[in-house]
Amino acid sequence: MSGAIRPAAPVRALNLALLVLYPIAWGAPLMRAGLLPLFGLKEISVLTGLQSLWASDVFLALIVALFALVAPMLKTVCLTLIHFGAIGPRGLPALRILGKLAMADVFLIALYVTLAKGIGVGRIETAWGLYLFTFCVLASLWVSHKTQQSHENR
């Protein structure tokens with residue numbers, strides 16, 4: 001365990017919680033969208049968005065899956081391995097790269113909401129999944145920061 005970067009227990013616990021919360025956030029409704037206010041709204045999640053994208057553009061769907069699913073989960077797993085000494089501080093450079101890749105998902109969702117609202121034809125309402133997903137991303141940034149701080153203070 002001597003190679004472990006040991007941030008405070010709440011930081012490690014939050015990181016472990018992210019292993020469960022990220023998949024929940026991917027399936028949770030990010031928004032409800034409809035063509036006209038008179039019709040019902042369809043719930044959109046990261047996963048349903050990827051399914052729709054897969055039907056129209058497989059390459060773009062793979063890129064979005066990499067940034068929205070794979071990179072954040074790999075980053076969380078990497079942090080867990082660092083916290084418990086499985087890979088030690090040598091994993092920090094990979095963590096920085098994964099952190100940058102994982103931030104692309106926030107940009108993609110913001111762009112999607114902005115474009116949809118800008119069209120003005122339909123209606124978009126944010127849903128609880130957007131807040132959960134945002135929490136996961138911000139919590140992951142905080143855990144990464146605290147992990148880096150713990151390494152620097154050794």
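So, reading along the sequence, the pattern goes α-β-β-α-α-α-α-β-α. That makes 6 helices and 3 strands for this protein. Keep in mind, everyone, that what we have here is a predicted model.

Let me start with the overall numbers. The protein has 154 residues, and 42% of them count as buried. Its accessible surface comes to about 8,500 Å², with 72% of that belonging to carbon and sulfur atoms. Now take the contacts between residues with a separation of 6 or more: 72% of those involve residues 24 or more positions apart.

Okay, on to the inside. Which residues of the largest nonpolar core touch the most other members? Those are Tyr22, Trp26, Val46 and Phe133, out of 34 residues in that core. As for who supplies the core, at least two residues come from each of α1, β1 (31–34), α2 (46–56), α3 (58–83), α4 (92–102) and α6. Helix α3 gives the most, with 9 residues.

If you skip its neighbours within four places in sequence, Trp26 is in contact with Ser45, Val46, Leu47, Ala68, Leu69, Met73 and Phe133.

Lys75 is in helix α3. Is Lys75 buried or exposed? It's buried, because its relative accessibility is 4%, and the cut-off for buried is under 20%. What does Lys75 touch, once residues within four places in sequence are set aside? The contacts are Leu95, Leu98, Gly99, Ser140, Leu141 and Ser144.

Thr76 has a relative accessible area of 0%, so it counts as buried. Its contacts, again not counting residues up to four places away, are Asn15, Leu18, Leu19 and Tyr22.

Let's hop over to helix α6, residues 128–152, which is where you'll find Thr147. Thr147 is buried too, because its relative accessible area is 0%. Beyond residues up to four places away, Thr147 touches Ile5, Pro7, Leu79, Ile82, His83 and Leu92.

A quick word on cysteines. How many disulfides does the structure hold? The count is 0. Cys78 counts as buried because its relative accessibility is 9%, and Cys136 counts as buried at 0%.

Last stop, the outside. Which residues form a nonpolar patch on the surface? Val20, Ile24 and Trp128 do, with about 310 Å² of accessible area together. Val20 belongs to helix α1, residues 9–27. At 52% relative accessibility, Val20 counts as exposed, because the cut-off for exposed is over 50%.

Terms used. Residues are numbered from 1 along each chain as its sequence is written. This is a predicted model: local features need pLDDT of at least 70, side-chain atom pairs count only at pLDDT 80 or more; totals for chains, interfaces and linings use all residues. Side-chain values use heavy atoms; hydrogens and water are left out. Patches are made of residues with over 30% relative accessible area and no salt bridge: like charges are joined within 9 Å, nonpolar side chains (Val, Leu, Ile, Met, Phe, Trp, Tyr) within 5 Å. Accessible areas come from the Shrake-Rupley method with a 1.4 Å probe; for residues, only the protein chains shown count as cover. A salt bridge is a side-chain nitrogen of Lys or Arg within 4 Å of a carboxyl oxygen of Asp or Glu. Helices (H or I, at least four residues) and strands (E, at least two) are DSSP runs, numbered from the N terminus. Buried means under 20% relative accessible area, exposed over 50%, partly exposed in between (1.4 Å probe, protein chains only). A disulfide is a pair of cysteine sulfur atoms within 2.5 Å. Contact means heavy atoms within 4.5 Å. A nonpolar core is a set of buried Ala, Val, Leu, Ile, Met, Phe, Trp, Tyr and Cys residues joined through side-chain atoms within 4.5 Å.
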